[in-house]
Amino acid sequence: MNEPEEKLRKMGVELPPPVQPVANYVTFAQAGNLLFLSGHGYCGTPTAVDIGKLGRDLTVEQGYLAARNAGVCVLATIRHALGNLGKVKRIVRVLGMVNATEDFADHPKVIDGFSDLMVEVFGEKGKHVRSAVGMGSLPGGIAVEIEVTLEVEE
């Protein structure tokens, strides 16, 4: 049974097609039992929370939703890379980047949108070490970008 995919179905979350690289890189690379994902924002058409700067254009609550949207995109790439989400042994490390004004200080609250989704989908295996940092800008003006390292079942 693929429990993570079943949880997504129960949550009403349908994974979009995985994002494609926009430059000279790949969206994922596997080394042994570790899978490294490039930075991800939202997939598909942006919603009102996916573009903008926290502290100016978007609230913490909107940033939380943007981080969650980035998480859905991350899940789509993981499923593409592994064939199904049931092969995830553990989300290990997350770097959450927030497009924020100089005086914005709630980066962790924003990136919780991603972290909460991972725990909802993977349970204890979704808990991870994390950094949540502010950036002066992100590609395309996106609100949040997430980079992930995970361990896969051998």
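Select Gly41, Tyr42, Asp50, Ala66, Ala70, Ile142, Ala143 and Val144: these residues line the largest cavity. A cavity here is a set of points, on a 1 Å grid over the protein atoms alone, where a 1.4 Å probe fits but cannot get out; lining residues have an atom within 4 Å of a point. The volume of the largest cavity is about 30 Å³. A volume is the space filled by probe spheres set on the points, and grid points are joined across faces, edges and corners. Searching the whole structure turns up one cavity of 30 Å³ or more. Color the lining by class: six residues are nonpolar, one is polar and one is charged. In this scheme Ala, Val, Leu, Ile, Met, Phe, Trp, Tyr, Cys and Pro are nonpolar, Asp, Glu, Lys and Arg are charged, and the others, Gly among them, are polar.

This is a predicted model: local features need pLDDT of at least 70, side-chain atom pairs count only at pLDDT 80 or more, and totals for chains, interfaces and linings use all residues. Residues are numbered from 1 along each chain as its sequence is written, and side-chain values use heavy atoms, with hydrogens and water left out.

Next, the largest pocket. Its volume is about 260 Å³. Of its 14 lining residues, select the closest to the centre: Val19, Val22, Tyr25, Gly39 and Gly41. A pocket is an open set of points with protein on both sides within 12 Å along at least five of seven lines. Strand β2 gives the most to this lining, with three residues. By class, the pocket lining has six nonpolar, seven polar and one charged residues.

Now switch to cartoon. The chain has three helices and five strands. From the N terminus on, the order is α-β-β-α-β-α-β-β. Helices (H or I, at least four residues) and strands (E, at least two) are DSSP runs, numbered from the N terminus.

Select residues 28-31 and 34-40. These are β1 and β2, antiparallel and joined by four bridges. Strands pair if DSSP finds at least two bridges between them. β1 and β2 form a hairpin with two residues between them, and Gly32 in the turn has a positive phi of about 65 degrees. Gln30 stands opposite Leu35 in β2.

β5 pairs with β2 in the antiparallel sense over five bridges. Check two pairs: Leu35 faces Leu150, and Leu37 stands opposite Val148.

The bridge partner of Gly96 in β5 is Ile146.

How many residues of β5 are buried? Seven of its nine, which leaves the strand mostly covered. Buried means under 20% relative accessible area, exposed over 50%, partly exposed in between (1.4 Å probe, protein chains only).

Zoom in on Thr149, which lies in β5. Thr149 counts as buried because its relative accessibility is 13%. Not counting residues up to four places away in sequence, Thr149 touches Leu35, Phe36, Ile91, Val92 and Arg93. A contact means heavy atoms within 4.5 Å.

Zoom out to finish. Of the 154 residues of the chain, 44% count as buried. Among contacts between residues at least 6 apart in sequence, 80% join residues at least 24 apart. The C-alpha trace spans about 45 × 35 × 30 Å along its principal axes.
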